[in-house]
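Here is a short briefing on one helix, its packing partners and a ligand shell. Keep the structure open as you read.

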Amino acid sequence: MELFKAIEARHSYRGAYTEEAVPRSDLERIVAAGLAAPSGCNAQTTRFVIVDDPEILAAIGNLHTMPAMQQAKAMICVITDREPEPVYQDMSFQVEDCSAATQNMLLAITALGYGSVWIDGWLRAENRAETIGDMLGVPSDKILRIILPVGVPAAEGPRRDKLPFVKRAWFNAFGA
Ligand SMILES: Cc1cc2nc3c(=O)[nH]c(=O)nc-3n(C[C@H](O)[C@H](O)[C@H](O)COP(=O)(O)O)c2cc1C
């Protein structure tokens, strides 16, 4: 899919998935898009665990009420440092690094005809990042920040409205 088509088509998909499997070759392409993302000082701080084992998928999916999480054929688990080390002066960029990787992967997921949603806030509540991190063997100095469920959407999902260009973007001066 052409890049701007994928950008337009991407949306958070939380609905049911079909039974169609997601081949490892596609999962590798999706994660390769994450690996290709920029990172502060090219420190490449983000790590990825790709889950396609049905038992682990069920164990994670059962914690959520969302069909996409319960029926995902794969999940990409995005992991970063628990205590970010500075990489430039006193600055660390771990959150930005994993966000850039995640957006690249969402576009790749869309371009390959799959649906997904950025699961992040849910992981931060009720110790879920630790619970699922333990299932995946995430070491104690790392934290599971984001999960992307992956599958073929069984239906069209709703699209969220975006504010128009003129409300959020200007040439040369804020609000011009
Ligand atoms: C940082 C971040 C955290 C998010 N956390 C969650 C989440 O925990 N659960 C969820 O269903 N969606 C989550 N989302 C998806 C947003 O709700 C979604 O992107 C937003 O409503 C806009 O819709 P769209 O993705 O269809 O454009 C998150 C998105 C971002 C960028």
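This is a predicted model. Start with a helix pair: H2 and H5 pack at an angle of about 145°. Their axes lie 7 Å apart.

**The H2–H5 contact**
- The crossing of H2 and H5 is right-handed.
- By class, the residues of this contact are eight nonpolar, two polar and one charged.
- H2 brings Arg-29, Ile-30, Val-31, Ala-33 and Gly-34 to the contact.
- On the H5 side they meet Ala-101, Asn-104, Met-105, Leu-107, Ala-108 and Ile-109.

**Helix H5**
- H5 covers residues 94–111, which is 18 residues.
- From first C-alpha to last, H5 reaches 26 Å, close to the 26 Å expected at 1.5 Å a residue.
- Gly-113 follows H5 and has a positive phi, near 90°.

**Buried positions in H5**
- The buried residues of H5 include Gln-94, Asp-97, Cys-98, Ala-101 and Thr-102.
- Further along, Met-105, Leu-106, Ala-108, Ile-109 and Thr-110 are buried too.
- In an α-helix, residues three or four places apart point the same way, because there are 3.6 residues a turn.

**The ligand shell**
- Which residues are around the ligand? Among them are His-11, Ser-12, Arg-14 and Arg-160.
- The run Val-117, Trp-118, Ile-119, Asp-120, Gly-121 and Trp-122 is also around the ligand.
- This shell has four nonpolar, three polar and three charged residues.

Key. Residues numbered from 1 in each chain as written. Predicted model: local features only at pLDDT ≥ 70, side-chain atom pairs only at ≥ 80, totals over all residues. Helix = DSSP H or I, 4+ residues; strand = E, 2+ residues; numbered from the N terminus. Expected span 1.5 Å × (residues − 1). Buried ≥ 20, exposed ≤ 12 C-beta atoms within 10 Å, placed from the backbone. Near = placed C-beta within 6 Å. Nonpolar A, V, L, I, M, F, W, Y, C, P; charged D, E, K, R; others polar. Axes fitted to C-alpha atoms, helices over the stretch in contact; angles between N-to-C directions. Left-handed = near helix turned anticlockwise from the far one by under 90°. Contact = placed C-beta atoms within 7 Å.
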